2 protein chains.
Amino acid sequence: MIGDYLPFWEKLGKAEQEKLEGCAKKQTFKKGTLVAGEHRECTGILVVTKGQLRVFVLSEEGKEITLFRLLERDFCLFSASCTMNGLTFDVMIEAMEETEVYRIPPEVYKQLREQSLAISNYTSEVMASRFSDVMWLLDQILNKRLDSRLAALLLEESSLAESEVLTVTHEQLGNHLGSPREVITRMLRHFQKEQLIGMSRGKIELLDTERLTALAEDSIR
Amino acid sequence: MIGDYLPFWEKLGKAEQEKLEGCAKKQTFKKGTLVAGEHRECTGILVVTKGQLRVFVLSEEGKEITLFRLLERDFCLFSASCTMNGLTFDVMIEAMEETEVYRIPPEVYKQLREQSLAISNYTSEVMASRFSDVMWLLDQILNKRLDSRLAALLLEESSLAESEVLTVTHEQLGNHLGSPREVITRMLRHFQKEQLIGMSRGKIELLDTERLTALAEDSIR
């Protein structure tokens, strides 16, 4: 039931709940499907119930820059940008694995948001989160791509240790790169979310050396 | 009166209007004042009534990257980021000239937003606009800084024409840079907003060759 995936469900009135239940359609995207492209479709709000969507933009050179990923229970606003005044940019959305969503049609969502405080407030919060993700990316780009330097360092350590499991502290990595421990921890968590590494107590395991290598060699332009 | 500056004023109830009027304080920032810095202050919502605020971030090398500017009637959410779940980034805000604002205390604003659909919806819209501004900036950075290339071209044309007033079409500029006319027009409007150039029918006037030169020589890193 779609209500299970919407944190504001209990705050809605009966009529609003029924409206949402009546219009939300389950949809499945195969791995690799482009859920939204460059043609400003307005497919509606997608609520992920299984799988993973990647939201990205294309650079002039055709490079894909990932803005953020949407996992189970995430709420994709950017497939419904027509419902939101002021939202004037386009993104591409790709299913990274077989992904199931509930789709709420844009006109229903717009109407509900304009009537329901719970939905309106939730929309603001989701947008604030995604905005923060993009600001984080911008910070990465402006700050000489710590991700790239950290990936290079992890590969180097791995090669030195002749192992894909490293016993190195975040502080030690930070010292190598001249960055505070907190910044390194934040970046490692990002790597973990991107399934580049695994982390367990005191250990970092390189899970995808191929992508780490690409990242290490990479710069945004 | 603060109501004159709030587009949602008429949609508020009497009690909400009185609450806003009672708590909003006029405040003036001298040119150059840092209205918000890196210390996560939460001063509240600022509603600009006169002047201009610039919202920017600092790169690692200490370079200031302007995200957007707030002019009369604009609503500054980022000085009240504590009121918004999910908004986890910090920005700096500087008064570019003597700037007058109404300040709405964060706790009052948060409470009103949680109660008033009009304020909640307006907040989403403002956030969507600013998010779009930042996406535009990201696009600039990823796409080899068209602004820099266009500034260089305008200066070159000006030097060739021995005049600071150019009679050149957006299409011609686009042809020089290999960009569609629409993209050039959008960028020229941005330059105009930044007071780098003036535009009138068929003419482009360079207003600030110093900043254009800096832009032309510049790259984000």
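Contact, as I use the word throughout these entries, means heavy atoms within 4.5 Å.

**Ground rules.** I am working with a predicted model, in which local features need pLDDT of at least 70 and side-chain atom pairs count only at pLDDT 80 or more, while totals for chains, interfaces and linings use all residues. Residues are numbered from 1 along each chain as its sequence is written, chains are lettered from A and ligands numbered from 1 in the order in which they are written, and side-chain values use heavy atoms, with hydrogens and water left out.

**Domains of chain A.** The assignment, which is automatic or from a database, gives domain 1 as 2-133 and domain 2 as 145-217; over C-alpha atoms, the centres of these domains of chain A are separated by 32 Å.

**H1 and H2 of chain B.** Helices here are DSSP runs (H or I, at least four residues), numbered from the N terminus; their axes are lines fitted to C-alpha atoms over the stretch in contact, and angles run from 0 to 180 degrees between N-to-C directions. I find helix H1 (residues 14-23) of chain B packing on helix H2 (residues 106-115) of chain B at an angle of about 165°, with the axes 11 Å apart, and H1(B) and H2(B) are therefore roughly antiparallel (over 145 degrees). On the H1(B) side I noted B:Glu16, B:Lys19, B:Leu20 and B:Cys23, which meet B:Val108, B:Gln111, B:Leu112 and B:Gln115 of H2(B). The residues of this contact divide into 4 nonpolar, 2 polar and 2 charged, where Ala, Val, Leu, Ile, Met, Phe, Trp, Tyr, Cys and Pro count as nonpolar, Asp, Glu, Lys and Arg as charged, and the others, Gly among them, as polar.

**H4 and its partners in chain B.** The axes of helix H4 (residues 146-161) of chain B and helix H6 (residues 181-193) of chain B come within 11 Å and cross at roughly 80°, and H4(B) and H6(B) are therefore roughly perpendicular (65 to 115 degrees). The residues of the contact of H4(B) with H6(B) divide into 9 nonpolar, no polar and 1 charged.

I turned next to helix H7 (residues 209-217) of chain B, which packs with H4(B) at an angle of about 130°, their axes 7 Å apart.

How values were computed
Helices (H or I, at least four residues) and strands (E, at least two) are DSSP runs, numbered from the N terminus. Angles under 35 degrees count as roughly parallel, over 145 as roughly antiparallel, 65 to 115 as roughly perpendicular and the rest as oblique.
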